[in-house]
Amino acid sequence: MSEPIAFLGNLDPDEEAEFLAALATALPEETFRPFRTLTPAERAAVRIAVVANPDPAEVALLPNLAWIHSLWAGVERLVRDLGTGSAPIVRLVDPELARTMAEAVLAWTYYLQRDMPAYRRQQEAATWRQLPYRPPGEVGVGLLGLGALGSAAAERLVQAGFRVAAWSRAPKPVPVGVTGFSGPDGLAGLLAASDIVVCLLPLTGETRGLLDAGRFAAMKPGAGLINFGRGAIVETEALIAALDAGRVSHAVLDVFPVEPLPPDSALWRHPGVTVLPHISGPTTPGSAAAVVAGNVRAYRATGRIPAAVDVARGY
Ligand code: NAP
């Protein structure tokens, strides 16, 4: 029998119980133990921690950690909280999450392509007016980020007939039908080619505040924005100014610099904004537990730690 795997997070009791049950089902040969139940001797023995927004002070009380498995795909908070001295952090790369996110990207891309915000406004004014139809083949969708989630979204958009471009940090092979851009110089090209810009970037030192007044000015006039990455990648004041000026026609925002979005935020009431409560790509306990199981079993079998986050790069 191996040493226990620590489970740390600030989940509510039902959520914690659901994750622990899913982990026990996926990995019956292991014992998952909430941090609060571990004795000092057990804490010292722990090699693996599975975490969801853990208290960094509790992580520090596991002196022999070999690696940490996050239940979330975005790890900027964990990287910030645990610092450079942290044990390697393995983030969630879950095909089911990629599928869910790709579905959300397609759904909200259709929302903008089919002019739903304009019809909503027309309904409020009892206005009966048919707007010109734009087929997907005439709509350029630019994805910021071509990682696990961006790649799945790109493939789904190509299947739906959209003209798809994607931007990554370094040049890389792109899915069939996608035009690739990379690096700081590639961003202007992608923005100029896109009727709808979809952000699926991680929050890092380089991406914080990336979508600012200059980037909105570089977008096609009247382009739409979908932000499913992280809130602080978009400068809120600059976005509101771009919406007010008609430079950006509508923004679908699922992520915000502060969550929950404070009731006094201007975004709640702006007619050019659709607010979503961080629902585009939820972690599903069953599929996340299956991913954790694969990584833990590989580690037990080989002693090799799964591919970890590059803390200096921030993702
Ligand atoms: P990933 O596999 O690490 O991919 C990140 C992508 O962003 C990569 O293509 C990377 O480029 C690109 N990138 C990073 N920094 C860049 C920069 N400075 N310039 C240009 N491109 C840059 O991450 P993922 O699994 O796709 O997840 C992406 C993010 O989605 C997460 O970090 C999280 O914040 C967010 N998320 C949101 C939800 C939600 O419900 N809203 C759910 C899950 C995740 P390279 O390919 O060159 O490395």
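Leaving aside its neighbours within four places in sequence, which residues is Leu 143 in contact with? They are Gly 150, Ala 153, Ala 154, Leu 157, Val 164, Ala 165, Ala 166, Trp 167, Leu 190, Val 198 and Leu 200, where contact means heavy atoms within 4.5 Å. The model is predicted, and local features need pLDDT of at least 70, side-chain atom pairs count only at pLDDT 80 or more, while totals for chains, interfaces and linings use all residues. Residues are numbered from 1 along each chain as its sequence is written, and side-chain values use heavy atoms, with hydrogens and water left out.

Leu 143 is, with Leu 200 and Phe 228, among the residues with the most contacts inside the largest nonpolar core, which has 53 residues. A nonpolar core is a set of buried Ala, Val, Leu, Ile, Met, Phe, Trp, Tyr and Cys residues joined through side-chain atoms within 4.5 Å; buried means under 20% relative accessible area, exposed over 50%, and partly exposed in between (1.4 Å probe, protein chains only). Helix 5 (residues 95-113) gives the most to this core, nine residues. Helices (H or I, at least four residues) and strands (E, at least two) are DSSP runs, numbered from the N terminus. A second, separate core of 31 residues includes Met 219, Ile 233, Ala 238 and Leu 239.

Next come the sheets. Five strands form an open sheet with parallel pairing, in the order 2-1-3-4-5; two strands pair if DSSP finds at least two bridges between them. Strand 1 (residues 5-9) is joined to strand 2 by three bridges, and Phe 7 has Pro 34 in strand 2 as its bridge partner. Helix 1 (residues 13-26) lies across strands 1, 2 and 3, at about 165 degrees to strand 2. Angles run from 0 to 180 degrees between N-to-C directions, with axes fitted to C-alpha atoms, for helices over the stretch in contact.

The other open sheet has seven strands in the order 8-7-6-9-10-11-12, again with parallel pairing. Strand 8 (178-182) and strand 12 (273-275) each have a single partner strand, so one side of each is left without a neighbour in the sheet. Strand 7 (residues 163-168) pairs with strand 8 over five bridges, and Ala 166 stands opposite Gly 180.

Finally, the ligand. Of the 28 residues around the ligand, Arg 91, Leu 149, Lys 172, Glu 206 and Tyr 315 come nearest, a residue being near if one of its heavy atoms lies within 4 Å. A backbone N or O atom of Leu 149 lies 2.9 Å from a ligand oxygen atom, and one of Gly 281 lies 3.0 Å from a ligand oxygen atom.

Notes: A polar contact is a pair of N or O atoms within 3.5 Å; within protein, one must be able to donate a hydrogen and the other to accept it, and residues adjacent in sequence count only if both atoms are side-chain atoms.
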